[in-house]
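Welcome! Please take a slow look at the structure below, and then let us walk through a few of its parts together.

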Amino acid sequence: MLQNIHIKNLALIDELDINLGDGLNILTGETGAGKSIIVGSIGIGLGGRFGRDLLRNPDKDGLVELIFSVDNENVKKRLLAIDVETPDDMVIISRRVSGTRAINRLNDATVSVSKLREAAEILINLHAQHEQTTLLKESHHLMIIDSSDDRVTAQKEVVRKAYQSHKEIIDRIEELNLDEGERERKVDFLQFQIEEIEKADIKDGEDEELEELYRKIKSSHDITEIAGEVHRITGYDESSSAGSSFSRACQRIRELEKYDHSEEAESLISTLSDIDSLLNDFNRDISEYMKNMEFDPALLDETERRLDTINNLKAKFGPSVDDINSTLVSLKAEYEELQKLDEILQNLRAEEKKSNELLMKEAENLTSLRKEAAEALTAKIKEALLSLNFSEVIFYAEFSELDSVTSNGKDSVSFMISTNVGEKEKPLASVASGGELSRVMLAIKSTLADKDETPTLVFDEIDVGISGITAQKVAEMMKTLSKTHQIISITHLPQIAAAADNHFLIEKTAREGKTYTGIREIKDDEVVQEIARILGGENITENVLNSAREMLCH
């Protein structure tokens, strides 16, 4: 639901915060207080025009921010499908006019106005004169009918799967439908690629082994130099080397045996002997290591050529040897397929014919179910319209057939309406009166209350041209609808105002030579006073107050 509206520097508004509640939120106020500015601000927040000419002070930024709480899981999924997340079950829509441009934000992200509108349509419907709403879009009428009947929803999925299967076959035929010259060129190129990979005969892990060998060969001079120096330092060829020194030390320490037969002396002699033996082994090992670093110069060239071959294949067919070998399997399969192309195409065309017949059959079934659903739905909507003072109303769904079947079937639908005797039915979007349009929307929304998941509905001018029992019917219908949706409505009628769960008073004040529009929630006695004002104008008598109290009791 819409929790908060924050407006800054717009028309007669300096800065406003409106905290809305569940159920039916009613806004009232005297003529000229600025009620239309509030609805207009919501429209701006939902992606309506927001220019500098709307600003109260053209030297300052203008801001409209709408904060929504989202607890419906299906609504969250629909938002996520357009990449809008709901952190902490919240969505914040913000529009700011700064300098010469408007900045649109969804949560923390800057977005295009079209993206903002797409998200807003999931969260809220605004029904006001001159506002283009989702319910006025003919593309949405089919969705309304479909959502009204579970059989239609199930059949739509059948059609979607049949369409997807049919499309995959057509795409495959188009992919394989080559002329003879193109086919031959493709076969020749595949054969060339296959032979190129097979000729290389790359073994698993061969590239890694060759790279390691290449590094060794390239570094062999430095390696040999280091190892040679270590060999000289630790060897026995020079009297100053470690091996020669240890040999002399071992000979010398063994002379202790003549003078000392203690365990301590024996331990020292043994330890030094072990060190000498280890150093001797090390010296042999490093000598062998240096011999292994002696490479035939031709080996470097051979290794480089082999690596070039493998790397060239990697560049063409994938970053690893596994990718190259996987590509080889795919190329062979494609080559075999082209060899049997005529047979494969013949089979695919037979499949395409069957899949098209199935798709047409399922699309026809969907159309039949839709027409049944549309007849039942429009009858209910008409009944709701009759209760809203549309005494001679005609309302039905007009079907037409698309040029081709889509994943959504073959139907185009437009709601048609006539509200006066002798008047030809027109598309719903052609309804001119803002009040009539709002009541039509109320009737549709009430009929679909258990199916429609749009959390918040805004009605403006819903009370234009009605009074008495019709006003009471509108109030009752809005009250019922508010049990499943958050409703926001501006009204001039006491019957509707008395039904409010949350009542907001819009007031115009003058300060320091300037006019300001403000809004505040009213309760208890203030609500009675406001309904009495609507009932009796400036002359509020005790009888008028009692009438207001009586209306609130109902």
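## A hairpin and its neighbour

In β11, Met 416 has Pro 427 as its bridge partner. Strands β10 and β11 (residues 426–427) run antiparallel and are joined by two bridges. Strands here are DSSP runs of E with at least two residues, helices are runs of H or I with at least four residues, and both are numbered from the N terminus. Two strands count as paired if DSSP finds at least two bridges between them.

On to another partner of β10: strand β9 (residues 394–406) pairs with β10 in the antiparallel sense over nine bridges, and Ile 394 stands opposite Ser 418 in β10. Two residues lie between β9 and β10 in the hairpin that they form. Strand β10 (residues 409–418) is largely enclosed by the rest of the structure, because nine of its 10 residues are buried. Buried means under 20% relative accessible area, exposed means over 50%, and partly exposed lies in between, with a 1.4 Å probe and protein chains only.

## How to read the model

This is a predicted model, in which local features need pLDDT of at least 70 and side-chain atom pairs count only at pLDDT 80 or more, while totals for chains, interfaces and linings use all residues. Residues are numbered from 1 along each chain as its sequence is written, and side-chain values use heavy atoms, leaving out hydrogens and water.

## A six-stranded sheet

Now follow the order β8-β12-β13-β3-β14-β15, which makes an open sheet of six strands with mixed pairing. Its edge strands, β8 (124–127) and β15 (514–522), each pair on one side only. Helix α14 (residues 468–481) packs on the sheet, touching β3, β12 (456–459) and β13 (486–490). Contact means heavy atoms within 4.5 Å.

Within the sheet, β13 pairs in the parallel sense with β12 over four bridges, and Leu 457 has Ile 487 of β13 as its bridge partner. β13 also pairs with β3 in the parallel sense over four bridges, with Leu 27 opposite Ile 490. Which way do the residues of β13 point? Gln 486, Ile 488 and Ile 490 point one way and Ile 487 and Ser 489 the other, and all are buried. Further along, β3 (residues 24–28) runs parallel to β14 (residues 502–511), joined by four bridges; Asn 25 has Asn 502 as its bridge partner in β14.

## Two nonpolar cores

A nonpolar core is a set of buried Ala, Val, Leu, Ile, Met, Phe, Trp, Tyr and Cys residues joined through side-chain atoms within 4.5 Å. The largest one has 64 residues, of which Leu 385, Leu 428 and Leu 442 touch the most other members. Helix α12 (residues 341–386) gives the largest share of this core, 10 residues. A second, separate core of 43 residues includes Ile 13, Leu 46, Leu 116 and Leu 126.

## The largest pocket

About 640 Å³ of space lies in the largest pocket. Among its 23 lining residues, Arg 78, His 140, Met 143, Ser 147 and Asp 452 are the closest to its centre. On a 1 Å grid over the protein atoms alone, a pocket is an open set of points where a 1.4 Å probe fits, with protein on both sides within 12 Å along at least five of seven lines, and lining residues have an atom within 4 Å of a point. The largest share of the lining, six residues, comes from α4.

Conventions:
Axes fitted to C-alpha atoms, helices over the stretch in contact; angles between N-to-C directions. Points joined across faces, edges and corners; volume = space filled by probe spheres on them.
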